[in-house]
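I opened my notebook to look up a few things in this model.

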Amino acid sequence: MNAFPRYDQFVNRHIGTTGPDLSAMLQTLGVNSLDELIDQTVPSHIRRKDKMNIPAAQSEIDYLNQLQLVANKNKLYRSFIGQGYFGTHTPSVILRNVFHNPGWYTQYTPYQAEIAQGRLEALLNFQTVVTDLTGLPIANASLLDEGTAAGEAMLMFYHLKEKKTKADSPNVFFVDQNVYSQTIDVLKSRAWPQNIELLIGDWKTIELPSNCFGVLLQYPNKVGKVEDYKAFVHKSKAAGIHVAVATDLLALCLLTPPGEFGADVALGNSQRFGVPVGFGGPHAAFFAVQEEFKRVIPGRIIGVSIDEQGDPALRMALQTREQHIRREKATSNICTAQALLAIMASMYAVYHGPQGLRKIARRIHDMTASLSASLQSLGYSIDSNSYFDTISVAANAGEINQIKETSLAQGFNFWYTDQGVQLSLDETISEEELLQIVQIFAKAKQQSAANIQISNQIQINSACIRTSDYLTHPIFSINQTESAMMRYIKRLENKDLSLVHSMISLGSCTMKLNAASEMIPVSWPEFSNIHPFVPKNQTLGYQQILDELEAYLCEVTGFTACSLQPNSGAQGEFAGLLTIRAYHESRNESQRNIALIPASAHGTNPASAVVAGLHVVVTACDEQGNIIVEDIKAKAIQYKDQLACLMVTYPSTHGVFETSIKEICQLVHDNGGLVYMDGANMNAQVGLTSPALIGADVCHLNLHKTFAIPHGGGGPGMGPICVKDILKPFLPGHTYAGHKTAVPPVSSAQFGSASILLISYGYIKMLGESGLTDSTKHAILNANYIAKKLSSKYKILYTGANGRVAHELIVDLRMYKEIGISAEDIAKRLMDYGFHAPTLSFPVAGTIMIEPTESENKEELDRFCHALLQIHNEIDEVARGEYPADNNVLSNAPHTAAVITSDSYSKPYSREKAAFPLAYLKQGGKFWPSVGRVNNAHGDRNLVCTCPPMEAYMTQ
């Protein structure tokens, strides 16, 4: 019964172009209805004939009320499980001003550095925290999780050795047996495609073979021991073997840094620096290296440079080493990071400072030592006398059963092994809880009374006690009051353009609305405080949501099975390709190792194929951007015995629904291959067509694009994969899922960054079947509207058979190079108009790719078009010789407030022309870039990737 529907439906808040705006836009496009436009855009032979089996939309209030009931099915026990995930207190000033703040979470990856100085500084702080605590000189701006970071270290070492010893490349990677189990399993998924042999054993007794290229140690290890690795590390390096150490940033406040005992790489999870555990994620992994690895380190590096005025400015450094740029030459497929979570972790360090962090670490350690002493007084044996926060308590089977029964009855989770019980403490533990734990163990010994034995002696091997300082930069000692911290966060936020300012029309990125009702539940404790390894009966709410989400995504794609594990789009590509490899191997066709990839593909496609052990064969596209069918056919036949798959994006990366897609997929199938569809452009498919309908076998979905997870300034993201029945047995498994699968885990946690799956779940529940389909239609409408408006001055590079674009369009700017105006000049000039540039020079150099999404209204679309049309007038002025080619509003863009207000202003054009070229910019709220155009070459020649001297901040 729905006799009294709520007025306030979410679809009306999400879709921007409805009512009179819709009528006006359709008139501009010369069509009578939205369906007429869709018929002209999407080929009829791939259209859905039925509606998706997805429930009708819920209102926001109904959704949140029902979700609370589902959340209540999760049991909020106190978890002392550890294993890489710990309780933490997110300081309220960070929770409210960063995690809950769209000014932070709706930013894009900081490729346009001039309007991203705030998050660049926060990420530079993160890198400084990591380098200081690990004792290594260079760190990246985060990776996806600890397991994948370990995989990146292994692959980095492997490819370095491969280059040096091509004839007989070493292929053995040693992993200590006390590395976290989930990390070892993720390593298996990276080792298998590269034919790397994992040697798992005891570092104390192992004799490393001559063909060993690298080592991974855990510090402290999974049973809590703090081991002195110094001699082993030196011996390994003397044999030419690289060493990586997985570690814990909070522990390193007390422990000797890995860099000081010779490690080449230190990696781990920064989660316990104020980031909720969230049933496994998202969290920011860290990765630090010695100087010699700076040009091969995976992920992004934030570096210090200067701007056009010679003032300090930050940017992403050494970008040519990014793997999606290297394409088939890649040694990694890392394309994104966990920027928002790295920012939170950096703010945690800034807020607490070195003294605060040390006090937190010391409190945890002292309480662990007191727990150890208390349990020993009860007659228990503790496995080690050198630990940080985790102790292993020996117990017999009867005692283990009694402890488990009592602890669960009191709402506590411990970690159980065959030998006893492990307890990992964190900053959230109280003295009352510590006493409860002691009493639980006392009961198992039939002792009625128990007390805490206070211990404040450091229980760490003396060789492993830290003596060096850390976080000595002033930024970590001036923000310890909440007022100071609040203002610092706001000062950084104000330097960055996000969706709170204007549309971000990045093609292939789908920067749509990240609705508050989708976001709010992520920080509900019933979701944010669940450890990923708790008993399954404590996560019934999560299980219901995940099961429903898998079913919805299968319905959207037309496939029958789904894995939610990949925690980025590139990880989804990798996971999908592994399922294809495993399928072929199951049929005794392991020779199938060729991946056909169109020249227009996103760079992660060939990078993921290489990491999955496939050989890339590039296929050609025509001048209209379409895949050349005859070239696909010729290469499919040429490699028919080795063909593993085709990787294809649909609609194409050029923003067009190619009419030959079903024929292309059939050609691949006819020659023994499978079809992997990149889901980057699913925002043009949902409800209208599907990967299954075009003939694909597997696809990944960028939930941070199509399904509303925010980009967070460069992560988090999620890339689940959906597959046909034949690939279902080959979906990635997990260490703690209770069953083995053909494909090892690709992420540390079973459901990747599980807590943000709530966002996509809410998006689907509140839009329902019709709202999802309407969102796709309006995304296509908005793109075609912009194409029509701009076509009076600009060349639209590619269109479909009926002259329409899909959900994005490419504007050709190459012809302006003749008069000295580059695509970059136009991108930087857009900043003066208050807009983030569209995607620059991808997939075609010298162009911009625009994707408006369905969330923008006509007023915003018109404002954006007016800006670009006015910029074209400025180009014409240069063409007519009114301004020099090297001294005009475009070549000098962007213009900062400091430049405009300078007493020595000497530009050949007025201040008004520079800063207020259109009337709307004078109405208040103009966004000012905080630095001028950044000098990229200077930053790479003079690489600095930690906090600069305090004087540099004073000039900004």
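Before searching for holes, I wrote down my terms: on a 1 Å grid over the protein atoms alone, a cavity is a set of points where a 1.4 Å probe fits but cannot get out, and lining residues have an atom within 4 Å of a point. Grid points are joined across faces, edges and corners, and a volume is the space filled by probe spheres set on the points.

A note on the source: this is a predicted model, where local features need pLDDT of at least 70, side-chain atom pairs count only at pLDDT 80 or more, and totals for chains, interfaces and linings use all residues. Residues are numbered from 1 along each chain as its sequence is written, and side-chain values use heavy atoms, with hydrogens and water left out.

**Entry: cavities.** I searched the whole structure and found 11 cavities of 30 Å³ or more. The largest cavity holds about 170 Å³ of space. I listed 22 residues lining the largest cavity, and Gly84, Phe86, Tyr180, Asp248 and Arg272 are the closest to its centre. I then sorted this lining into 5 nonpolar, 12 polar and 5 charged residues. For the classes, Ala, Val, Leu, Ile, Met, Phe, Trp, Tyr, Cys and Pro count as nonpolar, Asp, Glu, Lys and Arg as charged, and the others, Gly among them, as polar.

I turned to the second largest cavity, with about 110 Å³ of space. Its lining has 20 residues, and Tyr85, Asp145, Glu146, Gly280 and Ser748 are the closest to the centre. By class I noted 4 nonpolar, 14 polar and 2 charged residues.

**Entry: Ser455.** Where does Ser455 sit? I found Ser455 in the loop between helix H14 (431-444) and helix H15 (482-493); helices (H or I, at least four residues) and strands (E, at least two) are DSSP runs, numbered from the N terminus. Ser455 has a relative accessible area of 14%, so I logged Ser455 as buried (under 20%; exposed is over 50%, partly exposed in between, with a 1.4 Å probe and protein chains only). Leaving out residues up to four places away in sequence, Ser455 touches Asp366, Ala369 and Ser370 (contact means heavy atoms within 4.5 Å).

**Entry: a sheet.** I traced an open sheet of 4 strands, antiparallel in pairing, in the order E23-E24-E26-E25 (two strands pair if DSSP finds at least two bridges between them). Strand E23 (795-796) and strand E25 (839-840) each have a single partner strand, so one side of each is left without a neighbour in the sheet.

Methods. On a 1 Å grid over the protein atoms alone, a cavity is a set of points where a 1.4 Å probe fits but cannot get out, and a pocket is an open set with protein on both sides within 12 Å along at least five of seven lines; lining residues have an atom within 4 Å of a point.
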